[in-house]
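Biologist: Could we go through this model together, taking the helices and then the loop and the pocket?

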Amino acid sequence: MTTPTTPRVRSYQDLDRLLALMTGAEKHGPAATSTLDALWVLYDRVLRVTPGTAEAAERDRFLLSKGHGPMAYYAVLAAKGFLSEDLLPGFGSYGSPLGHHPDRTLVPGVEIGSGSLGHGLPLAVGTALGLRARGLTGPRVWVLIGDAELDEGSNHEALAFAGPAGLEQLHTLVIDNASATHGWPGGIASRFEAAGWSAATVDGRDHEAMYAAFTAPHPGRPRAVVARVEPKPKP
(Lines give C-alpha, C1' and ligand atoms only; values in the text may rest on other atoms or scores of the structure.)
Protein backbone atom coordinates (compact mmCIF):
# COMPACT_ATOMS: atom_id res chain seq x y z
CA MET A 1 0.00 0.00 0.00
CA THR A 2 1.00 3.64 -0.47
CA THR A 3 1.30 6.24 2.24
CA PRO A 4 0.70 10.00 2.06
CA THR A 5 3.72 12.16 1.20
CA THR A 6 1.96 15.50 0.74
CA PRO A 7 -0.15 17.59 3.15
CA ARG A 8 -3.87 17.01 3.46
CA VAL A 9 -5.97 19.40 1.43
CA ARG A 10 -9.17 19.31 3.51
CA SER A 11 -10.96 21.78 1.23
CA TYR A 12 -13.90 21.07 -1.08
CA GLN A 13 -12.77 23.97 -3.26
CA ASP A 14 -9.56 22.09 -4.08
CA LEU A 15 -11.27 18.97 -5.42
CA ASP A 16 -11.53 20.27 -8.98
CA ARG A 17 -7.75 20.75 -9.00
CA LEU A 18 -7.24 17.20 -7.76
CA LEU A 19 -9.62 15.81 -10.38
CA ALA A 20 -7.76 17.70 -13.10
CA LEU A 21 -4.53 15.89 -12.19
CA MET A 22 -6.05 12.64 -13.47
CA THR A 23 -5.97 12.21 -17.23
CA GLY A 24 -6.23 9.37 -19.73
CA ALA A 25 -8.68 7.70 -22.05
CA GLU A 26 -10.69 5.74 -19.47
CA LYS A 27 -11.89 8.57 -17.27
CA HIS A 28 -15.64 7.90 -17.14
CA GLY A 29 -15.91 11.60 -16.33
CA PRO A 30 -19.69 11.86 -15.75
CA ALA A 31 -19.63 8.81 -13.47
CA ALA A 32 -16.91 10.47 -11.41
CA THR A 33 -18.26 13.99 -11.19
CA SER A 34 -21.79 12.84 -10.33
CA THR A 35 -20.45 11.26 -7.12
CA LEU A 36 -18.11 14.07 -6.05
CA ASP A 37 -20.40 16.08 -3.78
CA ALA A 38 -21.89 13.07 -2.03
CA LEU A 39 -18.47 11.54 -1.43
CA TRP A 40 -17.18 14.79 0.00
CA VAL A 41 -20.06 15.16 2.45
CA LEU A 42 -19.62 11.57 3.59
CA TYR A 43 -15.87 11.79 4.17
CA ASP A 44 -15.87 15.34 5.49
CA ARG A 45 -18.81 15.15 7.89
CA VAL A 46 -20.28 11.67 8.29
CA LEU A 47 -17.90 8.73 8.05
CA ARG A 48 -16.01 7.88 11.21
CA VAL A 49 -12.79 6.77 9.56
CA THR A 50 -9.43 8.47 9.09
CA PRO A 51 -6.07 7.41 7.65
CA GLY A 52 -5.05 6.50 11.18
CA THR A 53 -8.13 4.34 11.83
CA ALA A 54 -8.50 2.77 8.37
CA GLU A 55 -7.99 -0.71 9.80
CA ALA A 56 -9.57 -0.22 13.24
CA ALA A 57 -12.39 -2.60 14.12
CA GLU A 58 -14.65 0.27 15.20
CA ARG A 59 -14.27 2.27 11.98
CA ASP A 60 -17.15 2.98 9.65
CA ARG A 61 -16.96 1.02 6.40
CA PHE A 62 -17.45 2.67 2.99
CA LEU A 63 -17.89 0.43 -0.07
CA LEU A 64 -17.76 1.94 -3.55
CA SER A 65 -19.93 -0.32 -5.69
CA LYS A 66 -20.04 2.29 -8.47
CA GLY A 67 -16.37 1.60 -9.06
CA HIS A 68 -15.99 2.73 -12.67
CA GLY A 69 -14.93 6.34 -12.90
CA PRO A 70 -13.27 6.41 -9.47
CA MET A 71 -11.57 9.78 -9.97
CA ALA A 72 -13.82 11.56 -7.47
CA TYR A 73 -13.12 8.82 -4.92
CA TYR A 74 -9.37 9.14 -5.39
CA ALA A 75 -9.58 12.93 -5.18
CA VAL A 76 -11.51 12.80 -1.90
CA LEU A 77 -9.16 10.16 -0.46
CA ALA A 78 -6.21 12.38 -1.36
CA ALA A 79 -7.92 15.42 0.17
CA LYS A 80 -8.43 13.52 3.40
CA GLY A 81 -4.89 12.16 3.60
CA PHE A 82 -5.50 8.51 2.75
CA LEU A 83 -3.18 8.73 -0.25
CA SER A 84 -0.73 11.21 -1.70
CA GLU A 85 -1.92 13.58 -4.38
CA ASP A 86 1.42 12.90 -6.06
CA LEU A 87 -0.13 9.61 -7.21
CA LEU A 88 -3.05 11.23 -9.03
CA PRO A 89 -1.28 12.11 -12.32
CA GLY A 90 -0.45 8.42 -12.77
CA PHE A 91 -4.12 7.38 -12.62
CA GLY A 92 -4.75 4.34 -14.81
CA SER A 93 -1.15 4.00 -15.95
CA TYR A 94 0.99 0.87 -15.79
CA GLY A 95 2.35 0.38 -12.30
CA SER A 96 0.04 2.93 -10.67
CA PRO A 97 -1.99 1.77 -7.64
CA LEU A 98 -4.85 3.96 -8.90
CA GLY A 99 -6.60 1.75 -11.41
CA HIS A 100 -9.79 2.27 -13.38
CA HIS A 101 -11.47 0.38 -10.54
CA PRO A 102 -10.20 0.80 -6.96
CA ASP A 103 -8.16 -2.09 -5.55
CA ARG A 104 -8.42 -2.66 -1.81
CA THR A 105 -4.95 -4.22 -1.72
CA LEU A 106 -3.31 -1.15 -3.26
CA VAL A 107 -5.19 1.93 -2.06
CA PRO A 108 -5.37 2.80 1.65
CA GLY A 109 -8.92 3.15 2.95
CA VAL A 110 -10.54 1.17 0.12
CA GLU A 111 -12.72 -1.63 1.54
CA ILE A 112 -13.54 -3.64 -1.60
CA GLY A 113 -12.23 -4.23 -5.08
CA SER A 114 -14.99 -3.45 -7.57
CA GLY A 115 -15.61 -4.58 -11.11
CA SER A 116 -18.93 -5.91 -12.33
CA LEU A 117 -21.81 -3.73 -11.23
CA GLY A 118 -24.33 -4.98 -8.71
CA HIS A 119 -21.96 -6.51 -6.16
CA GLY A 120 -21.56 -3.66 -3.68
CA LEU A 121 -24.93 -3.80 -1.93
CA PRO A 122 -24.79 -7.57 -1.34
CA LEU A 123 -21.25 -7.13 0.03
CA ALA A 124 -22.48 -4.33 2.30
CA VAL A 125 -25.26 -6.56 3.62
CA GLY A 126 -22.70 -9.24 4.37
CA THR A 127 -20.45 -6.69 6.06
CA ALA A 128 -23.28 -5.48 8.29
CA LEU A 129 -24.17 -9.06 9.18
CA GLY A 130 -20.54 -9.79 9.99
CA LEU A 131 -20.30 -6.79 12.30
CA ARG A 132 -23.50 -7.88 14.04
CA ALA A 133 -22.17 -11.40 14.51
CA ARG A 134 -19.01 -9.99 16.09
CA GLY A 135 -21.00 -7.79 18.46
CA LEU A 136 -19.70 -4.59 16.82
CA THR A 137 -22.77 -2.37 16.94
CA GLY A 138 -21.01 0.99 16.59
CA PRO A 139 -19.55 0.87 13.07
CA ARG A 140 -21.82 1.93 10.25
CA VAL A 141 -21.67 0.45 6.75
CA TRP A 142 -22.10 2.75 3.76
CA VAL A 143 -22.29 1.61 0.14
CA LEU A 144 -22.50 3.91 -2.89
CA ILE A 145 -24.30 2.48 -5.92
CA GLY A 146 -25.45 3.94 -9.20
CA ASP A 147 -29.07 4.00 -10.29
CA ALA A 148 -28.19 1.72 -13.23
CA GLU A 149 -26.96 -0.92 -10.79
CA LEU A 150 -30.58 -1.41 -9.77
CA ASP A 151 -31.00 -3.15 -13.11
CA GLU A 152 -29.05 -6.00 -11.48
CA GLY A 153 -31.10 -8.64 -9.67
CA SER A 154 -28.44 -9.14 -7.00
CA ASN A 155 -29.22 -5.70 -5.57
CA HIS A 156 -32.91 -6.49 -5.23
CA GLU A 157 -32.20 -9.69 -3.37
CA ALA A 158 -29.93 -7.75 -1.01
CA LEU A 159 -32.34 -4.91 -0.32
CA ALA A 160 -35.25 -7.34 0.08
CA PHE A 161 -33.25 -9.17 2.75
CA ALA A 162 -31.85 -6.14 4.60
CA GLY A 163 -35.19 -4.57 5.53
CA PRO A 164 -36.77 -7.56 7.30
CA ALA A 165 -33.36 -8.34 8.86
CA GLY A 166 -33.40 -4.91 10.52
CA LEU A 167 -29.86 -4.02 9.44
CA GLU A 168 -29.80 -0.59 11.07
CA GLN A 169 -26.03 -0.28 10.53
CA LEU A 170 -26.50 -0.45 6.75
CA HIS A 171 -26.74 2.72 4.64
CA THR A 172 -27.09 2.81 0.85
CA LEU A 173 -26.39 5.93 -1.17
CA VAL A 174 -27.87 5.77 -4.68
CA ILE A 175 -26.48 8.27 -7.17
CA ASP A 176 -29.35 8.87 -9.57
CA ASN A 177 -28.06 10.46 -12.78
CA ALA A 178 -30.87 8.97 -14.88
CA SER A 179 -28.69 6.25 -16.39
CA ALA A 180 -30.85 3.26 -15.45
CA THR A 181 -32.51 1.27 -18.22
CA HIS A 182 -35.79 0.55 -16.46
CA GLY A 183 -36.46 3.13 -13.75
CA TRP A 184 -39.03 2.76 -10.97
CA PRO A 185 -42.63 3.97 -10.81
CA GLY A 186 -42.83 6.28 -7.83
CA GLY A 187 -39.07 6.76 -7.73
CA ILE A 188 -36.13 4.72 -6.51
CA ALA A 189 -36.75 5.49 -2.84
CA SER A 190 -40.16 3.80 -3.03
CA ARG A 191 -38.48 0.49 -3.90
CA PHE A 192 -36.44 0.61 -0.69
CA GLU A 193 -39.40 1.74 1.40
CA ALA A 194 -41.49 -1.18 0.12
CA ALA A 195 -38.78 -3.52 1.43
CA GLY A 196 -38.84 -2.00 4.91
CA TRP A 197 -36.07 0.57 4.60
CA SER A 198 -36.06 4.18 5.75
CA ALA A 199 -35.51 6.23 2.58
CA ALA A 200 -35.18 9.81 1.35
CA THR A 201 -34.52 11.58 -1.96
CA VAL A 202 -32.33 14.70 -2.06
CA ASP A 203 -30.48 17.02 -4.41
CA GLY A 204 -27.08 15.40 -4.94
CA ARG A 205 -25.37 18.80 -5.11
CA ASP A 206 -26.94 20.22 -1.92
CA HIS A 207 -24.46 19.47 0.85
CA GLU A 208 -26.73 20.44 3.73
CA ALA A 209 -29.65 18.42 2.39
CA MET A 210 -27.41 15.38 1.95
CA TYR A 211 -25.92 15.76 5.43
CA ALA A 212 -29.40 15.89 6.97
CA ALA A 213 -30.49 12.81 5.02
CA PHE A 214 -27.29 10.91 5.82
CA THR A 215 -27.62 11.52 9.56
CA ALA A 216 -31.39 11.17 10.03
CA PRO A 217 -32.37 8.57 12.67
CA HIS A 218 -33.77 5.28 11.37
CA PRO A 219 -34.08 2.94 14.36
CA GLY A 220 -34.39 -0.73 13.48
CA ARG A 221 -34.23 -0.17 9.72
CA PRO A 222 -31.52 0.20 7.08
CA ARG A 223 -31.30 3.62 5.43
CA ALA A 224 -31.30 4.56 1.74
CA VAL A 225 -30.58 8.03 0.39
CA VAL A 226 -31.19 8.72 -3.30
CA ALA A 227 -29.09 11.66 -4.51
CA ARG A 228 -30.32 13.07 -7.81
CA VAL A 229 -27.65 14.74 -9.93
CA GLU A 230 -27.00 16.17 -13.33
CA PRO A 231 -23.35 15.38 -14.11
CA LYS A 232 -21.27 18.55 -14.26
CA PRO A 233 -18.45 18.95 -16.78
CA LYS A 234 -15.08 17.66 -15.67
CA PRO A 235 -12.48 20.46 -15.48
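What follows is a set of questions and answers about this structure.

Modeller: This is a predicted model, in which local features need pLDDT of at least 70, side-chain atom pairs count only at pLDDT 80 or more, and totals for chains, interfaces and linings use all residues. Residues are numbered from 1 along each chain as its sequence is written, and side-chain values use heavy atoms, with hydrogens and water left out.

Biologist: What span does helix α5 reach from its first C-alpha to its last?

Modeller: Helices (H or I, at least four residues) and strands (E, at least two) are DSSP runs, numbered from the N terminus, and α5 covers residues 120-133, which makes 14 residues. The expected span of a helix is 1.5 Å times one less than its number of residues. For α5 the expected value is 20 Å, and the model is close to it, with a reach of 20 Å.

Biologist: Which residues of α5 are buried, and why do they lie on the same side of the helix?

Modeller: Buried means under 20% relative accessible area, with exposed over 50% and partly exposed in between (1.4 Å probe, protein chains only). The buried residues of α5 are G120, L121, A124, V125, A128 and L131. They cover an arc of only 140 degrees around the axis, the arc being that of the directions from the helix axis to the C-beta atoms, and this puts them on the same side of α5.

Biologist: Which elements do the buried residues of α5 pack against?

Modeller: Contact means heavy atoms within 4.5 Å. By that criterion, the partners of the buried residues of α5 are β1 (61-64), β2 (141-146), α6 (153-165) and β3 (170-176).

Biologist: What do the buried residues of α6 pack against?

Modeller: Helix α6 has 13 residues and reaches 19 Å, close to the 18 Å expected. Its buried residues are N155, H156, A158, L159, A162, G163 and A165. The elements that these residues pack against are α5, β3 and α7 (188-194).

Biologist: Is I112 buried or exposed, and which residues is I112 in contact with beyond its neighbours within four places in sequence?

Modeller: I112 is placed in the loop between α4 and α5, and its relative accessibility of 14% means that I112 counts as buried. Leaving aside neighbours within four places in sequence, the contacts of I112 are L63, L64, P102, R104 and L123.

Biologist: What is the relative accessible area of G113?

Modeller: G113 is found in the loop between α4 (71-79) and α5, and beyond four places in sequence G113 is in contact with P102 and R104. G113 counts as partly exposed, at a relative accessible area of 48%.

Biologist: How far apart in space are E111 and R61, C-alpha to C-alpha?

Modeller: E111 also lies in the loop between α4 and α5, and its contacts outside four places in sequence include R59, D60, R61 and F62. E111 and R61 are 50 residues apart in sequence, while their C-alpha separation is 7.0 Å.

Biologist: Which residues lie nearest the centre of the second largest pocket?

Modeller: On a 1 Å grid over the protein atoms alone, a pocket is an open set of points where a 1.4 Å probe fits, with protein on both sides within 12 Å along at least five of seven lines, and lining residues have an atom within 4 Å of a point. The second largest pocket holds about 170 Å³ of space, a volume being the space filled by probe spheres set on the points. Of its 13 lining residues, the ones nearest the centre are R140, E168, H171, A216 and H218.
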